[in-house]
Amino acid sequence: AFNGTWKVERNENYDKFMEQMGINVMKRKLAEHDNLKVIIERTGDKFHIKESSTFRNKDIEFTLGVQFEYALADGTEVSGAWEMDGDVLKGKFTRKDNSKVLTTTRALVGGELVQSYNYDGVDAKRIFKKA
Ligand code: MYR
């Protein structure tokens, strides 16, 4: 049910979250309006995600429960994995530069895709609508 093309529609507390991540105000302003689009294709335990935004286009492939490496749009490198918990995707990623943990979830709520983020005590959400 995650399959499809999702366009970010609104953010909640994303600026504070990015600030906690150490991202400077210039980049935060741009990132708040990055027009993020994710195309999700799930086949069994495998996910193929096409990410596009004003920053970049990126193809990501992962298998549930299997660690992989990912670089955030600002270059910050993390490694971690996604797992399914009921209908919710739960991700746990560790920054390579400071070993701090970023957790994230994806869930379908009322036809929207809600992605939550937590880093170092700060929570945020990005809410996507199906294109
Ligand atoms: C994916 O499933 O889309 C790829 C793996 C995602 C890893 C963790 C994503 C955290 C993104 C946080 C962005 C905030 C920038 C400060």
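The model is predicted, so local features need pLDDT of at least 70 and side-chain atom pairs count only at pLDDT 80 or more, while totals for chains, interfaces and linings use all residues. Residues are numbered from 1 along each chain as its sequence is written, and side-chain values use heavy atoms, with hydrogens and water left out.

**Stop 1: T43.** Select T43, which lies in strand 2 (residues 37–43); strands here are DSSP runs of E with at least two residues, numbered from the N terminus. T43 counts as exposed because its relative accessibility is 60%; exposed means over 50% relative accessible area, buried under 20%, and partly exposed in between, with a 1.4 Å probe and protein chains only.

**Stop 2: the nonpolar core.** Next select F17, M21, V38, I40, F62, F68 and W82, which touch the most other members of the 30-residue largest nonpolar core. Such a core is a set of buried Ala, Val, Leu, Ile, Met, Phe, Trp, Tyr and Cys residues joined through side-chain atoms within 4.5 Å. Centre the view on F62, whose contacts include F47, F68 and W82, leaving aside residues up to four places away in sequence; contact means heavy atoms within 4.5 Å.

**Stop 3: F93 and strand 7.** Move to F93, in strand 7 (residues 88–95). Is F93 buried or exposed? F93 counts as buried because its relative accessibility is 7%. Among the residues that F93 touches, beyond those up to four places away in sequence, are F68, W82, V101 and L102. S79 is 14 residues from F93 in sequence, yet their C-alpha atoms are 5.2 Å apart.

Stop 4: Now show strand 8 (residues 101–109), which runs antiparallel to strand 7 and is joined to it by 6 bridges; two strands pair if DSSP finds at least two bridges between them. T94 has V101 in strand 8 as its bridge partner. These two strands form a hairpin with 5 residues between them, and S99 in the turn has a positive phi of about 65°. Continue to strand 9 (residues 112–119), antiparallel to strand 8 and joined to it by 8 bridges. Here R106 has Q115 in strand 9 as its bridge partner. The hairpin of strand 8 and strand 9 has 2 residues between the strands, with G110 in the turn at a positive phi of about 55°.

Notes
Helix = DSSP H or I, 4+ residues; strand = E, 2+ residues; numbered from the N terminus.
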